[in-house]
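Hi,

Here's the structure I promised to pass along.

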Amino acid sequence: MRHVIALDVGGTGMKAALVGADGALLHRARRATGRGRGPDAVVAGILDFAAELRAHGAEHLGEPASAAGVAVPGIVDEDRGTAVYAANLGWRDVPLRDLIAAELGLPVALGHDVRTGGLAEGRIGAGRGADRFLFVALGTGIAGAIGVDGRVEAGAHGFAGEIGHVVVRPGGTPCPCGQRGCLERFASAAAVSEAWAAACGDPAADAADCAKAVTSGDPNAVRIWQDAVDALADGLVTALTLLDPRTLVIGGGLAEAGETLFTPLRDAVRHRVTFQKLPEIVPAALGDTAGCLGAGLLAWDLLDTTDGTEVTP
């Protein structure tokens, strides 16, 4: 059966799949990223995992994979196939596409993790059917993917979609990026976790705990949650003013709070728009499979634009 390898590399774990032409997940696997052993070991682990997936496909699906798609965090130069920088993995300027292609003997597409997950949400997930969508992931940080006619815009330098570094509170909390008042310092899952842990006196408390406290009416939790929602709405209105998406898809850890997040967020965005058209605001549909599915789409797209024999550009 014809298939591709899809690999989603995270800071702590890697999710992988063999994906059929119809998008079906024919095989799924997970492995620790192993970042504690250093960047070279992480790359070696990726290559080994990819080779394992190729062997599995050849044995169980009757033929080896036709291509591979790989999603990685950090700054990614998709045209050159280079993982430029990832703080949580410790690498700089890793020619990952060429390394994997040489290991597998297959054409390989390399993508940014959030943009790749956004690609899947836009084509086959919550944004399906929308000609213009914006996917925003609320996790440790905040990042986005700008979808146009079934593809995701990377930008001239690979930085498109970094909505987490839109300043929503000028002069506010310092951000590791060097600015002050960035959106992700107020509305990410990490920011809510930090604020709630301080407020309730439990260092282990997180955003999910804060959401539960909101539903029970805890006034401190309600205040912290509303502050995050207000900051997020400010950032989103800036984005929709610039991009005019038809659908706004929200994913990541904070979105797991469901209507505890979406009801006040829709209200906050609605109250802020003036001339702008209000997009449909919906939760992401694919969960933690989005990255793998998106990587699979990258691989199939690559095959659509080549004859399938090209290994490196």
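Predicted model: local features only at pLDDT ≥ 70, side-chain atom pairs only at ≥ 80, totals over all residues.

Zooming out, both strands belong to an open sheet of five, ordered β11-β10-β9-β12-β13, and the pairing is mixed. At its edges are β11 (151-153) and β13 (280-283), each of which pairs on one side only. On average, neighbouring strands here are turned by 30 degrees against each other, ignoring direction.

Then the helices. α7 (residues 219-243) packs on the sheet and touches β9 (132-138), β10 and β12 (247-251), with its direction at about 155 degrees to that of β9. α8 (residues 259-272) lies across β9, β12 and β13, and runs at about 160 degrees to β13.

So what's in the largest nonpolar core? It has 45 residues, and those touching the most other members are V136, W225, L236, I250, L261 and V269. β9, β10, α5 (189-200), α6 (207-215), α7, β12 and α8 each supply at least two of its residues, and α7 gives the most, with 12. Take V269: leaving aside neighbours within four places in sequence, V269 contacts A233, L236, V237, L240, L278 and I281. Another core, of 32 residues, lies apart from this one, and includes L47, F49, A68 and L106.

Cheers

Terms used:
Residues numbered from 1 in each chain as written. Heavy atoms only, no water. Pairing = 2+ DSSP bridges. Helix = DSSP H or I, 4+ residues; strand = E, 2+ residues; numbered from the N terminus. Axes fitted to C-alpha atoms, helices over the stretch in contact; angles between N-to-C directions. Contact = heavy atoms within 4.5 Å. Core = buried A, V, L, I, M, F, W, Y, C linked by side-chain atoms within 4.5 Å. Buried < 20%, exposed > 50% of the residue type's maximum accessible area, 1.4 Å probe, protein only.
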